[in-house]
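Dear colleague,

I am handing over the structure we spoke of, with the sequence alongside.

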Amino acid sequence: MNTIVDIQNLRKIYDGGPLGTFEALKGADLQIKEGEILALLGPNGAGKTTLISTVCGITRATSGKITVGGHDVVSEFRAARRMIGLVPQEITLEPFEKVMRTVRFSRGLFGLPKNDAFVEDVLRKLSLYDKKDNKIMELSGGMKRRVLIAKALAHEPRVLFLDEPSAGVDVELRKGMWDVVRSLRDQGVTIILTTHYIEEAEQMADRVAVISKGQILLVEDKDALMARMSQKELTIELAEPLNAIPDALCAYGLELGRDGTTLRYSYDGKAERKGIRRLLNELDSAGIAMRDLKTQQTNLEEIFVGLVKDDNP
Amino acid sequence: MNWQAVKAIYYFEMARFFRTLLQSFLSPVLSTSLYFVVFGAAIGSRMQEVDGVPYGAFIVPGLIMLSVMTQATSNASFGIYFPKFIGTIYELLSAPVNFLEIVIGYVGAAATKALFIGVVILITAALFVDLTIQAPLAMLAFLVLTCLSFALMGFIIGIWAGNFEQLQLVPLLVVTPLVFLGGSFYSISMLPPVWQAISYFNPVVYLISGFRWAFFGIADVPIGLGLLAITTFTAACIGAIWWIFRTGWRIRQ
């Protein structure tokens, strides 16, 4: 796949203000492939929004280079920005405007001639068509967020940035939004979404990028990342509580549950020899009776927390 | 040039004006009528003619200028400050538009609104007093240039302002006093020599004088000087806006 957004050694220093200078991006590198959904994960203040804002032209880079579709975002800003749609984190809409008019405005602003049929189609896909003549102030929070998406899609962008799209959106609506995002991807739109909901990244993303303290820590295929980083855990429920782990089982690094009725064994889910059968045999020889067994896999959230924790010792 | 964007901004801003058309239309008509009742009928009848022009008619150009200047300034400043205040400016900053297109859209709309109000006042005034316009083209040129230059200034104020109070500050503390002291309701020659000299430092004097000349053929300062003043002011505003967008001052970090 071709690279559609190329970010190289991007630095952004905010200066002035009572807090002095602040380096929000410290040489970030990121290549986004055409047609993928990339989830950009990172804790608050990691530089996610600054990164997006710099690509979109809202913030100026201190140094570094960004191209979108091969167009430099500074010297060829018109060609680059025409390709980009941005859904900001905050709901920022003129309250007295009507839905149709505000979406039409966005299309015109990006240099496209009026096409109400297209705009109405976008509204229909986002279940906003019957609200097209309503004022923004009459809409619910979820609807307003969808208006922001409609505005971003009004000029038929090739790259869509969604900055925390499901903040404050209920579960049903969130799922609906995911469907919209997936169908956009199917049409060939490249999607970059920042999110706090790891579940969202897990559900949607093809690749995951983790940003922390202004640097991209890793970019990896989501499935490969989950497989590589995933730890599995076996929980053994005991028939009788134990006071301590028998010496013979020390090598397994077992953890005894608080009331002594469970044993936990962590192992590498990808390893060839996981040691489960040997452990069970040894439990049997030690005369420890089991009632039940359960295995669990770490999710993206735990992987993410682990990564960011390593970066912030 | 991204003319589609210019059109989009212009229509979007004009829509705001038409949404409150009654207000936009009624308030200048009402205030002009009040001025005529007070200055024209009540006080004007006891005033001498100024340079051969009845006082009621004499104040018409000044009245139009007063409204046009304040309306152009406040419309343009609000037009760009509001998106900054509610955050929708992100869209403008991420759109494929340059400073010129943004300025033509916003300032063009603000100037159009001010021009509309100026014409409404002129029509209202014509109902109260006999008006002759000796140089209609010059009148129109002065009116349009004033609308444009004060809208440009308003645009700068809108970008500079950090809150609604600052937004009101310049129109209230600078524009209104300058217009009142700029000979809207009197001829500069009616002032004592010291105040006459001071008045020549007030740029609005040149605009009102030129505008009044277009009506009655009388002026406090030479007409060429008036045109030069307004052109210089317009150029200075455009220069300042160009600098603002080049440096991103107060809009782009």
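Predicted model: local features only at pLDDT ≥ 70, side-chain atom pairs only at ≥ 80, totals over all residues.

**The interface**

Chain B touches chain A through 29 of its residues, which are in contact with 31 residues of chain A. The area buried between the two chains is about 2,800 Å², and carbon and sulfur atoms give 58% of that area. Of the area that chain B buries against chain A, F12(B), Y90(B) and P96(B) supply 26%, more than any other three residues.

As for polar interactions, the rule finds 12 residue pairs in polar contact across the interface of chain B and chain A, with both residues at pLDDT 80 or more. The elements of chain B that give two or more residues to the side touching chain A are helix 1 (3–19), helix 3 (55–86), helix 4 (89–93) and helix 10 (223–247). Helix 1 of chain B gives the most, with eight residues. Sorted by class, the side of chain B that touches chain A holds 14 nonpolar, nine polar and six charged residues.

Four salt bridges are found across the interface of chain B and chain A. In one salt bridge, the side chain of E97(A) meets that of R19(B), with N to O at 2.7 Å.

**The sheets of chain A**

One open sheet of chain A is built from four strands in the order 2-1-4-5, with antiparallel pairing. Its edge strands are strand 2 (22–33) and strand 5 (71–72), each of which pairs on one side only. Within this sheet, strand 1 (residues 3–14) and strand 4 (residues 63–68) of chain A pair in the antiparallel sense over five bridges, and R11(A) stands opposite S63(A) in strand 4 of chain A. Helix 1 (residues 48–56) of chain A packs on the sheet, where it touches strand 1, strand 2 and strand 4 of chain A, and the direction of this helix makes about 115° with that of strand 1 of chain A.

Further along chain A, strand 9 (residues 207–212) and strand 10 (residues 215–221) run antiparallel and are joined by six bridges; S212(A) has Q215(A) in strand 10 of chain A as its bridge partner. These two strands of chain A form a hairpin with two residues between them, and K213(A) in the turn has a positive phi of about 45°.

A further open sheet of chain A has four strands in the order 12-13-11-14, and its pairing is antiparallel. Strand 12 (255–256) and strand 14 (290–297) of chain A stand at the edges with a single partner strand each, so one side of each is left without a neighbour in the sheet. Strand 11 (residues 231–238) and strand 13 (residues 262–268) of chain A pair in the antiparallel sense over seven bridges, and E233(A) has S266(A) in strand 13 of chain A as its bridge partner. Helix 9 (residues 276–285) of chain A packs on this sheet, touching strand 11, strand 13 and strand 14 of chain A, and its direction makes about 20° with that of strand 11 of chain A.

**Salt bridges**

Over all chains, the count by this rule comes to 19 salt bridges. R11(A) forms one with E23(A), and the closest N and O atoms are 3.1 Å apart. Because R11(A) lies in strand 1 of chain A and E23(A) in strand 2 of chain A, the pair ties together parts that are 12 residues apart in sequence.

With best wishes

Methods
Residues numbered from 1 in each chain as written. Chains lettered and ligands numbered in written order. Heavy atoms only, no water. Contact = heavy atoms within 4.5 Å. Buried area = accessible area lost by both parts, 1.4 Å probe. Polar contact = N/O pair within 3.5 Å; in protein donor to acceptor, adjacent residues only side chain to side chain. Nonpolar A, V, L, I, M, F, W, Y, C, P; charged D, E, K, R; others polar. Pairing = 2+ DSSP bridges. Axes fitted to C-alpha atoms, helices over the stretch in contact; angles between N-to-C directions.
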